[in-house]
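This report goes through the strands, the helices and their contacts in turn. The chain is shown first.

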Amino acid sequence: FIDAIRAKIMPNMDRLAQMEFDETGYGRVEDKIAKNTGAVMLSQGTEAIPTGMYASDKGLTVEYYAPYGVVGAVTPVTNPAATIIGNGIANMAAGNAVVFNAHPGAKKTSAETVKLVNEAITEAGGPENLFVMVANPTLDTLDEIMAYPSVRLLVGTGGPAMVKTLMTSGKKVIAAGAGNPPSIIDDSVDLKKAATGLLASASFDNN
């Protein structure tokens, strides 16, 4: 399924990046192509899930991670396609389905990304609608997703307010807050290399 997602999204990469830019007004198309390509090609799949096996004269113990089932995911306006693809691949690899509450300012791009990913999965023989998305996402729809009994894990990418909201759910949360943290440069640094890296990072996608 992951290979199928990669094969489906890559030919649509330029179109998705342009959609993101046109819909949100954020960033630069060429940087979005690079960011989305990284999410498609570098997001880890089943190979990242650890297993353990322990044998002794008393028997054999196998340790493995079980899926949560349904994951509720919040996506940002700045990286809609990359977040859906990255979160989608990781959660699917772990055996989960995902319901997305996309940022309202990027709902068209998000819906198109979800559609393409679902097409890839079904064309590879997988189930329909493994990923779903609220058509008109709001804070109210997020509240419904957070409260729904079948949703046992919440993941979110966005700002501190979003993280705080998810943390009030009483459920397990994996969340990323501000995406542009400060950098500290000390006297051990290669100044030219650090300056180049900081400039590239801070200007990437108009960060």
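Two strands count as paired if DSSP finds at least two bridges between them. The model described here is predicted.

## The hairpin

Strand β1 (residues 51-56) and strand β2 (residues 59-64) run antiparallel and are joined by six bridges. Two residues lie between β1 and β2, and the two strands form a hairpin. Within this pairing, Y54 is placed opposite T61 of β2.

## The parallel sheet

An open sheet is built from five strands in the order β5-β4-β3-β6-β7, with parallel pairing. The edges are taken by β5 (131-133) and β7 (172-176); each has a single partner strand, so one side of each has no neighbour in the sheet. On average, neighbouring strands of the sheet are turned by 20° against each other, direction ignored.

V99 stands opposite V132 of β5. In a regular strand, side chains alternate between the two faces of the sheet.

## Helices on the sheet

Helix α4 (residues 80-93) packs on the sheet and touches β3 (70-74), β4, β5 and β6 (151-157). The direction of α4 makes about 145° with that of β6.

Helix α6 (residues 139-147) lies across β3, β4 and β6. Relative to β4, α6 runs at about 155°.

Helix α2 (residues 13-24) packs against helix α3 (residues 29-42) at an angle of about 125°, and their axes are 9 Å apart. The two helices are therefore oblique to each other, and α2 passes α3 in a right-handed crossing. On the α2 side the contact is made by M13, D14, A17, Q18, E20 and F21; on the α3 side it is made by V29, K32, I33, N36, T37 and V40. By class, the residues of this contact are six nonpolar, three polar and three charged.

The axes of α3 and α4 come within 8 Å and cross at roughly 10°. This crossing makes α3 roughly parallel to α4. From α3, residues K35, N36, A39 and V40 meet A81, A82, I85, G86 and I89 of α4. The contact of α3 with α4 has six nonpolar, two polar and one charged residues. N36 and V40 of α3 take part in the contact with α2 and also in that with α4.

## α1 and α5

How are α1 and α5 oriented to each other? They pack at an angle of about 130°, with axes 8 Å apart, and are therefore oblique to each other. The crossing of α1 past α5 is right-handed. A4, I5, K8 and I9 of α1 make the contact with L116, V117, E119, A120, I121 and E123 of α5. Of the residues in this contact, seven are nonpolar, none polar and three charged.

K8 and E123 also form a salt bridge, in which the closest N and O atoms are 3.1 Å apart. This pair links distant parts of the chain, K8 being in helix α1 (residues 2-9) and E123 in helix α5 (residues 107-123), 115 residues apart. The count of salt bridges in the model comes to nine.

Definitions and conventions. Residues are numbered from 1 along each chain as its sequence is written. This is a predicted model: local features need pLDDT of at least 70, side-chain atom pairs count only at pLDDT 80 or more; totals for chains, interfaces and linings use all residues. Side-chain values use heavy atoms; hydrogens and water are left out. Helices (H or I, at least four residues) and strands (E, at least two) are DSSP runs, numbered from the N terminus. Axes are lines fitted to C-alpha atoms, for helices over the stretch in contact, and angles run from 0 to 180 degrees between N-to-C directions. Angles under 35 degrees count as roughly parallel, over 145 as roughly antiparallel, 65 to 115 as roughly perpendicular and the rest as oblique. A crossing is left-handed if the near helix is turned anticlockwise from the far one by less than a right angle, and right-handed if clockwise. Contact means heavy atoms within 4.5 Å. Ala, Val, Leu, Ile, Met, Phe, Trp, Tyr, Cys and Pro count as nonpolar, Asp, Glu, Lys and Arg as charged, and the others, Gly among them, as polar. A salt bridge is a side-chain nitrogen of Lys or Arg within 4 Å of a carboxyl oxygen of Asp or Glu.
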